[in-house]
Amino acid sequence: MRTFTNVKDIGDLKVALAEAQEIKKDRYKYESLGRHKTCLLIFFNNSLRTRLSTQKAARNLGMDVIVLDVNQGAWKLETERGVVMDGDKSEHLLEAIPVMANYCDVIGVRSFARFENREDDYTEKILNQFIKYSGKPVFSMEAATGHPLQAFADLITIEEYKRKDHPKVVLTWAPHPKALPQAVPNSFADWMNEADVEFVITHPHGYELDPKFVRGAKVEYDQKKAFEGADFIYAKNWACPGVTVPEDYGKVLSKDMSWTVDTEHMSWTNDAFFLHCLPVRRNMIVTDDVIEAPTSLVIPEAANREISATVVLKRLLESL
Ligand code: CP
């Protein structure tokens, strides 16, 4: 595996899930694989889980790790070609990428959607420049339209906690005060569509996700109907994806608190487990009661970020 940006990159999910369990039993099993190899983690945006879990994963594999926060201590980077660089940006990404690639063997990139131009975000302009110009294996640590390390950890968690074959998994939009990217719901849909689950997406009108991620999934606009019989509820906010009205891309169209996941919502389900990628705004996305309930899996889900990252880094190291 030379890149990790979507579910197709990981191949057979049953094999990947078995590898995850193998690593969970002995997370240092492959610690000689990364000897004298360096993992560079580049953050254009903030992070808690990804920053820590990916470093831990690299160390599980015996790698050295360099973390670069682009906005703290590096030169301000220009990302557009053709710009006259007479402003505050001192270095161009087209030099910075091959320079950074000199110092490492594998590169992780976090670069969120900017909401300035839908096409730039949905063509993954920044991430794809790293893939094109670094000459190194590159993996997404959440890019403009996807967060595959999170979706893989979500799938591992569902597999571990499911009480029956082919569980019903519901992705629900929930309110948030600020505009958030679609990376997490897109990747969750991408992975659930390939997993052995019944997958349903629910959101208010106007929040339709891009068809390339929704594919054949059922979309149910009535949240109560969607929740009925659910075994897992995955809550997430996302700003307007601009599918039906392109001018609305990146806008907050609704803050309807009736979509907040509370105990009444969970009573419509089949005693469902609650999932969220974190960080989460309590009593906007989910109430205190639901996130603190024994059926809340947010902590084991976050713990599985180390496992998904270890599997992904192992696969990338094997490609060297
Ligand atoms: N879920 C997730 O990616 O968390 P961070 O943004 O803290 O890395």
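**Close-up views of the ligand and its pocket**

View 1. A nitrogen atom of the ligand has a backbone N or O atom of cysteine 277 at 3.0 Å, a polar contact being a pair of N or O atoms within 3.5 Å. The protein buries 94% of the 260 Å² that the ligand exposes when taken alone, with accessible areas computed by the Shrake-Rupley method with a 1.4 Å probe. The model is predicted, and local features need pLDDT of at least 70, side-chain atom pairs count only at pLDDT 80 or more, and totals for chains, interfaces and linings use all residues. Residues are numbered from 1 along each chain as its sequence is written, and side-chain values use heavy atoms, with hydrogens and water left out.

**View 2. The shell around the ligand.** The residues around the ligand are Ser47, Leu48, Arg49, Thr50, Arg110, His147, Gln150, Cys277, Leu278 and Arg305, each with a heavy atom within 4 Å of the ligand. By class, this shell holds three nonpolar, four polar and three charged residues, where Ala, Val, Leu, Ile, Met, Phe, Trp, Tyr, Cys and Pro count as nonpolar, Asp, Glu, Lys and Arg as charged, and the others, Gly among them, as polar.

**View 3. The largest pocket.** The ligand sits in the largest pocket, in the sense that more than half of its atoms lie within 2 Å of the grid points of the pocket. A pocket is an open set of points on a 1 Å grid over the protein atoms alone, where a 1.4 Å probe fits, with protein on both sides within 12 Å along at least five of seven lines, and lining residues have an atom within 4 Å of a point. The largest pocket has about 500 Å³ of space and a lining of 27 residues, among which Arg110, Phe112, Glu142, Leu278 and Pro279 lie nearest its centre. Helix α8 gives the most to this lining, with three residues.

**View 4. Two backbone features.** The peptide bond from leucine 278 to proline 279 is cis, with omega near 5°, and proline 279 is found in the loop between β12 (273-275) and α12 (288-292). Glutamate 142, in the loop between β7 (138-140) and α7 (148-161), has a positive phi of about 105° although it is not a glycine. Helices (H or I, at least four residues) and strands (E, at least two) are DSSP runs, numbered from the N terminus.

How values were computed
A polar contact is a pair of N or O atoms within 3.5 Å; within protein, one must be able to donate a hydrogen and the other to accept it, and residues adjacent in sequence count only if both atoms are side-chain atoms. Grid points are joined across faces, edges and corners, and a volume is the space filled by probe spheres set on the points.
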